[in-house]
Amino acid sequence: MSPFLRKQEVPPLRVLVFIVGTFLFFLLAEGYLILAFRSEPLKYDLWEVFFWGLLLHWSVRVRIRLPFQASMSQLFLFALAMLVLFPPWIVPLLVFLQGSGSSWYKQVFNRSQDALSTAIAGLVWNFFTNNSLYLGSWNLSTGVGISTAALAFFATNTSLVITAIYLSSNTPWGEIWRKNFKWLAISYFFLSPIALLLARAYETPLIGNWGGWTVLLFLVPLYYSRYYWDEKVRLEQAFDTTLEVLMNALEAKERQTRMHSERVADIARDLAKAFYNDEAKAQEIYRAARLHDIGKIAIPEAVLLKPGKLTEAEFDLIKSHTKLGAELLSPARKVAFDQLVYNVILYHHERWDGRGYPEGLAGQDIPEEARIVGLADAYEAMTAGRPYREAKSPEEALKEVQDFSGVQFDPKLVRLFTVLWNQNPIWRDREAYLAAKGGSVSPSTLPQPSSESSLPSSSEPGSRTSES
């Protein structure tokens with residue numbers, strides 16, 4: 001895998017230091033390999049080294065783009081196969097020659113991290129080939145050696161790439177791992193034995209008198225195997241694009257709540273991270289929170305944007321957005337959206353005391369993810385302001401959240417929310433949040449909706465005293 005760092009002429013100093021450090025570590029590893037294995041004979045002619053160099057070059061040219069401006073290729077398969085066939089000091093040098101990236105620093109880093117990963121994998125492979133490992137009468141050295149070398153390559157490669165992306169973009173490590181590499185790990189290790197197969201096929205020609213013909217035949221299934229990765233990336237991108245389209249459609253309809261869903265999602269992600277201590281889980285809840293009000297698309301604008309008091313029938317219609325949202329996304333169940341998303345959409349207006357809707361769930365019966373998004377939604381609504389009441393200050397909104405602990409909100413979540421709030425996150429103040437995200441909304445110039453996100457938590461349609 002190779003990162004495609006930020007598009008700028010000179011990277012930040014910390015990125016530059018990391019790039020230089022990676023290059024120096026490669027030089028140290030390569031120097032050690034040359035000293036340790038310089039006497040190992042070359043079993044093949046130079047033109048055969050050139051042939052494998054072309055395979056490395058091909059693998060880089062058919063790489064797949066990943067999120068966070070990264071990319072990946074099947075270079076590791078050919079690098080591992082070469083470690084079986086050639087002295088270990090040759091392979092990292094050939095890998096270093098396979099450049100990718102449009103800027104000098106991208107070129108240096110991409111070449112260095114691939115070559116360093118190869119060098120470490122070479123050390124692991126040679127350790128097992130020089131130290132036999134037996135299980136009874138079975139010699140496991142070759143199988144364990146190639147698997148462990150693949151693990152070493154993967155661990156080194158992903159660690160370096162994730163660090164580079166983190167340093168250049170401040171994207172959380174867990175999010176980079178989840179979107180770029182977690183789903184790759186299983187298929188990566190299933191493919192790694194193919195490297196040994198390629199090497200053995202080259203050593204024992206099956207077509208003509210040259211093993212290269214067999215290796216070239218393997219390129220056909222290898223080329224098409226990359227389409228699994230490519231389709232996975234495309235599906236992820238399609239999911240994110242669909243989410244953005246849906247939210248843009250909602251915000252275009254209800255402009256006063258511009259950035260409402262995104263701010264709720266940011267609050268919910270931080271709260272979920274504190275609750276679960278799991279970055280991947282927090283990101284799932286973030287995505288679900290972006291869609292929590294999607295059912296409002298089906299609510300007539302005359303009701304959704306009504307500036308005055310709602311009738312009981314209108315209030316019931318507004319409350320139906322939870323079920324409408326779940327129905328709207330039901331065709332995508334188990335394909336694009338899992339149960340967590342539906343739990344958030346359906347139950348984010350349930351209350352700890354059982355007086356919420358749509359089902360009147362109480363306490364622990366409310367899904368945890370819905371409790372998290374419900375608290376985030378309430379805080380965002382309280383600090384947003386409406387025509388019939390002024391926005392609460394962050395301090396006033398926090399006090400109301402605390403006052404409703406054990407009544408409307410999960411007490412444990414309220415305690416965690418208070419800790420997060422005191423750390424002064426960007427979402428604490430709505431105006432600061434909107435400014436940071438690209439501008440604020442002026443209440444005097446936009447229609448003033450009577451949206452459900454600012455309605456009371458009780459069942460009364462008129463008295464708007466507490467958000468849910």
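**Terms and their grounds**

Guide: Let us begin with Glu-400, which counts as buried at 12% relative accessibility. The model is a predicted one.

Visitor: Why is Glu-400 called buried?

Guide: The term applies under 20% relative accessible area. Glu-400 has 12%, so it counts as buried.

Visitor: What makes the pairing of Glu-400 with Lys-392 a salt bridge?

Guide: The closest N and O atoms of Glu-400 and Lys-392 are 3.5 Å apart. The cut-off is 4 Å between a side-chain nitrogen of Lys or Arg and a carboxyl oxygen of Asp or Glu, so the pair qualifies. In general, side chains of opposite charge can pair when their charged atoms come close. A search of the whole structure finds 11 salt bridges.

Visitor: What makes Lys-296 and Asp-293 another such case?

Guide: Their side chains meet with N and O 3.4 Å apart, and the limit is 4 Å. Lys-296 counts as buried because its relative accessibility is 2%, and Asp-293 counts as buried because its value is 1%. Asp-293 is placed in the loop between α11 (279-290) and α12 (301-304). From C-alpha to C-alpha, Asp-293 is 7.5 Å from Ser-261 in space, although the two are 32 residues apart in sequence.

Visitor: How do you know that the salt bridge of Glu-380 and Arg-263 ties together parts apart in sequence?

Guide: The side chains of Glu-380 and Arg-263 meet at 3.1 Å, N to O. Glu-380 belongs to helix α16 and Arg-263 to helix α10, so the pair ties together parts that are 117 residues apart in sequence. Both Glu-380 and Arg-263 are buried.

Visitor: Helix α10 also holds His-260. Why is His-260 called buried?

Guide: His-260 has a relative accessible area of 3%, and the term requires a value under 20%, so the residue is buried.

Visitor: What makes the approach of His-260 to His-292 a polar contact?

Guide: The two side chains come to 3.4 Å. The limit for a pair of N or O atoms is 3.5 Å, so this distance is within it.

Visitor: How do you know that the buried residues of α19 lie on the same side?

Guide: In helix α19 (residues 430-437), the buried residues are Arg-430, Tyr-433 and Leu-434. They cover an arc of only 95 degrees around the axis, which puts them on the same side of α19. As a general rule, an α-helix has 3.6 residues a turn, so residues three or four places apart point the same way. The buried residues of α19 pack against α10 and α16 (368-382).

Visitor: Which exposed residues does the face of α19 turned away from the buried side carry?

Guide: That face carries Ala-435 and Ala-436. At the start of α19, the backbone nitrogen of Glu-431 has a side-chain oxygen of Asp-429 within 3.2 Å.

Visitor: Why is Ile-207 called partly exposed?

Guide: Ile-207 has a relative accessible area of 37%. Buried means under 20% and exposed over 50%, so Ile-207 falls in between. Ile-207 sits in the loop between α8 (184-203) and α9 (212-253). Together with Leu-206, Trp-213, Leu-216 and Leu-217, Ile-207 forms a nonpolar surface patch of about 510 Å² accessible area.

Visitor: How many of the residues in the protein are buried, as a percentage?

Guide: Buried residues make up 55% of the 468 residues.

Technical notes. Residues numbered from 1 in each chain as written. Predicted model: local features only at pLDDT ≥ 70, side-chain atom pairs only at ≥ 80, totals over all residues. Heavy atoms only, no water. Helix = DSSP H or I, 4+ residues; strand = E, 2+ residues; numbered from the N terminus. Buried < 20%, exposed > 50% of the residue type's maximum accessible area, 1.4 Å probe, protein only. Polar contact = N/O pair within 3.5 Å; in protein donor to acceptor, adjacent residues only side chain to side chain. Patch = residues over 30% accessible without salt bridge, like charges linked within 9 Å, V, L, I, M, F, W, Y side chains within 5 Å. Areas by Shrake-Rupley, 256 points an atom, 1.4 Å probe, with all protein chains shown as cover. Arc of directions from axis to C-beta. Contact = heavy atoms within 4.5 Å.
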